[in-house]
Amino acid sequence: MTDAAIAALRTHLAETADLHHAAMLLGWDQQTHMPPRGAQSRGQAGGTLERLAHDRTADPALAGLLDAAAAAGEDAGLVRAVREDHERAARVPGTLVGEMAEVAAEAQGVWEAARAASDFSAFAPLLERHVALCRQYAACFPEVEHPYDALMQRFEPGATTSAVRAAFSELREGLVPLIAAIAAKPDPGDLVGPFPVGDQRTLALEIARTMGYDDDAWRIDEAAHPFMANMGRQDVRITTKEDESALAIGLFGVLHETGHGLYEAGIDARWDRTTVGTGTSLGVHESQSRLWENMVGRSRAQWSRWLPRAKELFPVPLEGLEVDDVLRRINAVRPSLIRVDADEATYCLHVLLRFELEVALFEGELQVADLPAAWNARMQEYLGVDVPSDADGVLQDVHWAHGVFGYFPTYALGTMIAAQLWEAAHVAIPDLETRIADGDLATLREWLREHVHQYGRTRTGDEILQDVTGGGLDPAPLLRYLNDKYGALYDL
Ligand code: ZN
């Protein structure tokens, strides 16, 4: 009897998970293989799948299945996460969810054209539709403190505008003087190619395999805007783009997406084919990618191990360079226009800017038409950078084309969480740096699997942080990490 209650819940969840699986595959194909004119029908198909998954999650019968399964001893974390999904979905009409997905799919092409022409006015009407739909969405949650909370909590359950604002302002106060101190020092220069793209892929995959990339369960493809798509822990797809002139784009991009993939691949098998068998929030997800990309990938320990191999593949560009020379170049801090190319010190300021503009939009303090001017003014204020065109400014990211307001802050939250986990991992594994220098990335991966990955969504980000650090979200470890790192590299 009790087993039957759990089985009934699991059957319901399995079919919803299958719909998510199919939607993920459609999205992956859209960004890797689909011809441009497929966008409209793909948008319709994706919208239908989203709506069906939404309707199943909102299904009133699910509440009864959850009660019965909880009484029968179903995992409390699973019950909590699915109950939150259900209560959230039950508030939002399926028609609204479908319409948001359809506008997002249409907007992709419109955004690409607007960015190519650097013409914000060509994108603004779709952005207006997204903002209107997101206002309708937020209005489904009248109890939240701030309408932006409802948008952000789609990606970061439990996050509030007031708490994020407080953490971000502490972060900004620490970052601005650090960046100013670095700016007074000589520029370390760049690694100068060419770096043949095939050899970049070779190096990136050799490192990714030591992290845990498994050729039988993963694949890699090219995409204009790299991302990771997972169809369960046995089908992890990462994407990359490579540029012969820059080793960093292809190499660190692959480490980043592999970090995302390791999270999904590390989830315990007992959450297979449920709706909790995925990362618990985008912030925690981003903590995994940024930890591997930056804290491991750009570290002295990592380059002690991998520079000799890199020199075999790129003998001319790396000739005569020691580990320190490479480290200074791959960690160069330069205020710049483009978020995805930003260094670790300036990155979070790009995110803070977007967060502030989004909050202002939903507070009614800022109109869509005024976004480019507001963007450019903040770029000057925070980074001292003049924005020459909307393509390099307000149109640079795809996120707003997808209508995912509330998503950007998760990048900076993830960066903070990464530093908290990195600090804790050094306490738990005292010889971590030596292990990394010896090529052992598995010890760190298994520690992350034990404390973060295995739980999927059955633990919240806050619960994971409490377990690992004994506290909640904290910008201080990130500021310590950046001050230590750049203090040594720039002799501050
Ligand atoms: Zn990422």
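This is a predicted model: local features need pLDDT of at least 70, side-chain atom pairs count only at pLDDT 80 or more; totals for chains, interfaces and linings use all residues.
Q: How many residues apart are His-256 and Glu-286?
A: His-256 lies in helix H10 (residues 247-265), while Glu-286 lies in helix H11 (residues 282-296). Both residues are buried. The pair links distant parts of the chain, and its separation is 30 residues.

Q: How many disulfides are found in the whole structure?
A: A disulfide is counted when two cysteine sulfur atoms lie within 2.5 Å. The cysteine sulfur closest to that of Cys-134 is in Cys-140, and at 11 Å it is too far for a bond. The search of the whole structure therefore gives a count of zero.

Q: Is Cys-140 buried or exposed?
A: The relative accessibility of Cys-140 is 15%. Buried means under 20% relative accessible area, so Cys-140 counts as buried.

Q: Is Ala-117 buried or exposed?
A: Ala-117 is part of helix H5 (residues 94-117). Its relative accessibility is 53%. Since the cut-off is over 50%, Ala-117 counts as exposed.

Q: How far apart in space are Ala-117 and Ala-391, C-alpha to C-alpha?
A: In sequence, Ala-117 and Ala-391 are 274 residues apart. In space, their C-alpha to C-alpha distance is 7.6 Å.

Methods: Residues are numbered from 1 along each chain as its sequence is written. Side-chain values use heavy atoms; hydrogens and water are left out. Helices (H or I, at least four residues) and strands (E, at least two) are DSSP runs, numbered from the N terminus. Buried means under 20% relative accessible area, exposed over 50%, partly exposed in between (1.4 Å probe, protein chains only).
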